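User: Please take me through this model by question and answer. Keep it short.

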Amino acid sequence: MAVLKVHGSAISTATQRVIATILEKGLEYELVLVNLREGEHKREPFISLNPFGQVPAFEDGDLKLFESRAITQYIAHDYASSGTPLISFEKMPILVNWMEVEAHHFEPVSSALAWELVFKPMFGMTTDAAVVEEQEGKLAEVLDVYEKRLSQSKYLAGEEFSLADLHHLPNLQCLMGTPVKKFFESRPRVSAWSEAILARPSWAKVLELQKKNH
């Protein structure tokens with residue numbers, strides 16, 4: 001079996017999403033570092049792997065993929081018998097539904113807040129308080145939906161951890177280090193769910209990798 005290759009950066013949330021999936025599956029992989037500050041993601045050889053010039057890109061033998069959620073779904077399906085079961089064919093409609101919720105409702109607002117509260121300060125830029133306030137309102141609405149859903153099951157797609165939960169990890173981690181953390185902690189079920197998924201051993205390994213390559 002060829003070793004999986006992930007072309008990306010350990011500080012990239014999208015790259016982290018893919019690595020967490022690989023680790024949950026207990027698979028061997030190689031992280032091929034792409035220097036974002038030097039713009040390596042915008043030129044060859046990386047641009048041949050992802051024509052949109054965004055990390056990560058992924059290789060499994062002759063197969064080449066980009067877009068982190070497409071990669072995680074491929075890994076979960078193609079390596080279904082390895083490690084943690086991240087998909088359930090019996091619950092596929094619910095699983096897909098909540099993966100879409102993450103992509104279209106949680107991702108936009110959490111990314112906007114992470115940009116303002118985490119990455120702008122990191123790059124010496126000024127946080128836009130008006131944007132933060134607007135996005136906090138949107139986040140509260142999303143988390144109210146999550147609170148209701150999590151009153152019905154431990155995880156978003158049922159009683160077992162799945163891709164629907166895993167996809168949240170990178171942005172959730174970012175926000176837990178900011179004042180926005182209060183929006184999660186003030187909702188008991190959302191708070192318990194957040195703590196549970198952030199405590200996954202696979203995620204601890206992702207954070208260790210991030211520290212080493214920061």
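**Pocket, rings and backbone**

Analyst: H4 gives the largest share of the lining of the largest pocket, 5 residues. This is a predicted model, where local features need pLDDT of at least 70, side-chain atom pairs count only at pLDDT 80 or more, and totals for chains, interfaces and linings use all residues. Residues are numbered from 1 along each chain as its sequence is written, and side-chain values use heavy atoms, with hydrogens and water left out.

User: Which elements give two or more residues to the lining of the largest pocket?

Analyst: A pocket is an open set of points on a 1 Å grid over the protein atoms alone, where a 1.4 Å probe fits, with protein on both sides within 12 Å along at least five of seven lines; lining residues have an atom within 4 Å of a point. Helices (H or I, at least four residues) and strands (E, at least two) are DSSP runs, numbered from the N terminus. The elements that qualify are helix H1 (13-24), helix H3 (68-78) and H4.

User: How many residues line the largest pocket, and what is its volume?

Analyst: The lining has 31 residues; Ser12, Thr13, Ala14, Leu36 and Val55 lie nearest the centre. By class, 12 are nonpolar, 14 polar and 5 charged. Here Ala, Val, Leu, Ile, Met, Phe, Trp, Tyr, Cys and Pro count as nonpolar, Asp, Glu, Lys and Arg as charged, and the others, Gly among them, as polar. A volume is the space filled by probe spheres set on the grid points, which are joined across faces, edges and corners, and for this pocket of 31 residues the value is about 900 Å³.

User: How many aromatic pairs are there?

Analyst: Rings of Phe, Tyr and Trp (its six-membered ring) pair if their centres lie within 6.5 Å; planes under 30 degrees apart count as stacked, over 60 as edge-to-face and the rest as tilted. By this rule the count is 8.

User: What is the geometry of the Trp98 and Tyr146 pair?

Analyst: Trp98 lies in helix H4 (residues 92-122) and Tyr146 in helix H5 (residues 129-149), so the pair ties together parts 48 residues apart in sequence. Buried means under 20% relative accessible area, exposed over 50%, partly exposed in between (1.4 Å probe, protein chains only). Trp98 is buried at 10%, and Tyr146 is buried at 0%. The pair is edge-to-face, with 5.7 Å centre to centre and 90° between the planes.

User: Which residue lies over the face of Phe161?

Analyst: Phe161 sits in the loop between H5 and helix H6 (163-166), and is buried at 4% relative accessible area. A charge sits over a ring if NZ of Lys or CZ of Arg is within 6 Å of the ring centre and within 35 degrees of the ring normal. At 4.0 Å from the ring centre, the residue is Arg200.

User: What is the phi of Glu67?

Analyst: Glu67 lies in the loop between strand S4 (63-66) and H3. At 42% relative accessibility, Glu67 is partly exposed. Glu67 is not a glycine, yet its phi is positive, about 80°.
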